[in-house]
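Please look through the structure shown here, with its sequence beside it.

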Amino acid sequence: MSKMQAVEIRNLVKNYPGVEALKSINVNFPAGKITGLIGPNGSGKSTMLKSIAGLVQPSSGEVLIFGERPGRKTKNETAFLPEINHFYKGMSIKQVINLYESQFSNFNRERAMEILEFMNLKPEARIKNLSKGMVGRVKLTLTMAREVPLIIMDEPLSGIDPKSRAQILEGLISEYDAEKQTIILSTHEVLEAEKFFDYVVFLEKGEIKLQGNADDLRAEHGMSIQDLVKEVFE
Amino acid sequence: MGLNFDATKPIYEQIIDHIKKMIVRGELQPGDKLPSQRELAKDINVNPNTIQRAYREMELLELVETRRGMGTYLKEDENMVITIRNDMARDAVTNFLQEMVSLGYTGEEILVFISNELSNKKEEEEGHDV
């Protein structure tokens, strides 16, 4: 079970005009674990996550989600949290929840309302009146309320105040079901997030520079993931 | 709760140390049931997989046993408290000695240093009574 892979990536290349975003990546994301995808801006984190979510078409190579190529089936099994604020500004949180419920068959409304309360958010509040931290909490709520085996989060902590960051990580860990779910999360906030990671994948300039079990890396190098990454980077 | 992790060391080992300290302080006793992995994960705000690894490791160390469908229990071993306490004391002393040796202290100097510090501490405490 622990050897099972949720996502397998083979020789994945993604080129944009004039940019090699991913240079022949080979990596597995273990099932039932939380993997932190870390790396500086422009390292290809977002492109990698989007190719797993089936939102970006690879230039070459292969992505398998539970053994299948991205498509209708895998999209239904994957919850993707985008970095941008993708909500209609005029909607209330409750209306967004209604929309999600109508869009996704595996959306658990009851659970959404519970997480919302845990996140200190009122369903009547309108998206346009929310701070960036609050929007971040809404995004987490909607993602974790989907009963899916694979959850992908693109920078859920980026540009968010420290208190909301702590709430998001706490909500994530308390809602996470290790027996049924795999989480892949990209972030710059290594120091805050690293204690929640089982696995770490460090990406730089479209290449994987480091990967492994977080606690094993700490034991091996006698330093935090944050410091280890700095060392590899420099 | 109230657990501050040191990011430079494996977190599962810090959870084991946390539980060992509870045993030494008598907050957990031989034969006691440990909180479920999920409960503890929520309680100390840690990835449930890390708790699972800590429990698995404690089983290998023969500190705990898992009873099918019932949960994880501390072994019924009366010597456990003494053994853990001695082990933790030995670790603390080993670390201390390493540090002192790296500062260039000899064995005798270390002994003198300790006994001076102990008598200073004693005086301080007695001074408070006056």
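Leaving out residues up to four places away in sequence, I152(A) touches L49(A), I52(A), A53(A), T78(A), F80(A), L81(A) and I184(A). Here two residues are in contact if their C-beta atoms, placed from the backbone, lie within 7 Å. This is a predicted model, in which local features need pLDDT of at least 70 and side-chain atom pairs count only at pLDDT 80 or more, while totals for chains, interfaces and linings use all residues. Residues are numbered from 1 along each chain as its sequence is written, and chains are lettered from A and ligands numbered from 1 in the order in which they are written.

I152(A) belongs to the largest nonpolar core, which has 61 residues; I152(A), L37(A), I52(A), I184(A) and V200(A) are those with the most contacts inside it. A nonpolar core is a set of buried Ala, Val, Leu, Ile, Met, Phe, Trp, Tyr and Cys residues joined through C-beta atoms within 7 Å. A residue is buried if 20 or more other C-beta atoms lie within 10 Å of its own, exposed if 12 or fewer, and partly exposed in between; the C-beta atoms are placed from the backbone. Helix α5 (residues 132-144) of chain A gives the most to this core, with six residues. Apart from this core lies another, of 17 residues, including I11(B), M58(B), L63(B) and V64(B).

Two of the residues that I152(A) touches, L49(A) and I52(A), are also among the buried residues of α1(A). Helix α1 (residues 45-53) of chain A is mostly covered, with seven of its nine residues buried. After α1(A) comes G54(A), whose phi is positive, near 80 degrees.

Now take chain A as a whole. Its secondary structure comes to nine helices and nine strands; helices (H or I, at least four residues) and strands (E, at least two) are DSSP runs, numbered from the N terminus. The radius of gyration of chain A is 17 Å, close to the 17 Å that the globule rule gives for 234 residues, so chain A is as compact as a globular protein of that length. This radius is taken over C-alpha atoms, and the rule is 2.2 Å times the number of residues to the power 0.38. Of the 234 residues of chain A, 43% count as buried.

Is R126(A) buried, exposed or partly exposed? R126(A) counts as partly exposed, because it has 16 C-beta neighbours inside 10 Å. R126(A) sits in the loop between α4 (109-118) and α5 of chain A. R126(A) and M91(A) are 35 residues apart in sequence, yet 5.6 Å apart in space, C-alpha to C-alpha.

Chain B is divided into domain 1 (11-74) and domain 2 (80-129), with bounds from an automatic or database domain assignment. The C-alpha centres of the two domains of chain B lie 29 Å apart. Four residues of domain 1 of chain B are in contact with five residues of domain 2 of chain B.

Finally, the two chains meet. The contact takes 18 residues from chain A and twelve residues from chain B. On the side of chain A, α6 (162-175) and α8 (214-221) each supply at least two residues. The predictor gives the complex an ipTM of 0.86 and a pTM of 0.87.
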